[in-house]
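User: I am new to this structure and would like to know what lies behind the terms used for it. Could you take me through them?

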Amino acid sequence: MLIEPNLPKPGMVVVGYESIPEADVIINELNLPALALGGEAFMVIATHGRYDEEALKQAAQTGVVHALVASPKRAGVILDQLRERGVAGMERIKSPAGLDIGAQGAEEIALSIVAEIVQERRAGRLKKASVVPREEAPGEAIDPICNMTVTIAGARYSSEHDGKRFYFCCAHCQRTFEKDPNRYAHVA
């Protein structure tokens with residue numbers, strides 16, 4: 001008698017605008033904490049400068065290993081900014097994404113990323129995803145910095161302070177709030 005185990009395959013989540021048919025989930029709008037990830041997972045952030053910081057900040061909340069597709073210079077700037085803001089989980093970010101195989105072009109970069117996922121899995125470094133869905137929020141919020149109305153669904157900039165989520169119209173307002181949240185938290 002031959003017994004063949006049926007082990008779950010690792011999941012791959014691609015956050016960005018690119019269409020990669022082999023990925024389990026492709027996300028164009030950010031709401032990573034609402035994902036229902038199960039088993040081993042690996043997240044690839046390929047937002048190409050559109051919303052890198054917010055994608056990485058949300059990805060850090062999932063607890064999974066993730067890779068950033070960016071030049072070394074751009075990745076360094078983004079990671080430094082997130083560390084300065086006190087975002088936890090930066091040790092799980094790998095950039096540049098993929099193994100160094102001298103990849104050129106999108107297809108070879110994708111291959112190097114898949115090879116990295118295999119390497120991480122075999123080394124036992126892929127973690128089970130721990131994503132906790134957020135509570136349903138009202139449809140709109142007021143940016144506590146500039147008082148603009150922000151649509152919560154698909155909001156690119158948000159921050160949490162004292163158990164409450166605040167939404168912002170832009171990265172500048174978000175950074176201003178995060179420098180001194182107690183000053184602005186009462187406004188919203």
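User: Happy to start with a turn: what makes E8 and E9 a hairpin?

Analyst: E8 and E9 form a hairpin with two residues between them, and aspartate 162 in the turn has a positive phi of about 50 degrees. Strands here (E, at least two residues) and helices (H or I, at least four) are DSSP runs, numbered from the N terminus. Before going on, please note that this is a predicted model, where local features need pLDDT of at least 70 and side-chain atom pairs count only at pLDDT 80 or more, while totals for chains, interfaces and linings use all residues. Residues are numbered from 1 along each chain as its sequence is written, and side-chain values use heavy atoms, with hydrogens and water left out.

User: How do you know that strand E8 pairs with E9?

Analyst: Two strands pair if DSSP finds at least two bridges between them. Five bridges join E8 (residues 157–161) to E9, and the two run antiparallel, so they meet that definition. Serine 158, for instance, has tyrosine 167 in E9 as its bridge partner.

User: Why is arginine 165 called buried?

Analyst: Buried means under 20% relative accessible area, exposed means over 50%, and partly exposed lies in between (1.4 Å probe, protein chains only). Arginine 165 has a relative accessible area of 19%, so it counts as buried. This arginine lies in strand E9, where four of the five residues (164–168) are buried.

User: What makes the link between the side chains of arginine 165 and serine 158 a polar contact?

Analyst: A polar contact is a pair of N or O atoms within 3.5 Å; within protein, one must be able to donate a hydrogen and the other to accept it, and residues adjacent in sequence count only if both atoms are side-chain atoms. The side chains of arginine 165 and serine 158 make such a contact at 2.8 Å. Another, of 3.3 Å, joins the side chains of arginine 165 and glutamate 160.

User: Is glutamine 174 buried or exposed?

Analyst: Glutamine 174 has a relative accessible area of 4%, so it is buried. This glutamine is found in helix H4 (residues 171–179).

User: What is glutamine 174 in contact with, leaving aside its neighbours within four places in sequence?

Analyst: Contact means heavy atoms within 4.5 Å. With those neighbours left aside, the partners of glutamine 174 include Glu54, Arg85, Ser158 and Phe168.

User: And how much of the protein chain counts as buried?

Analyst: Of its 188 residues, 41% count as buried. The protein chain has five helices and nine strands.
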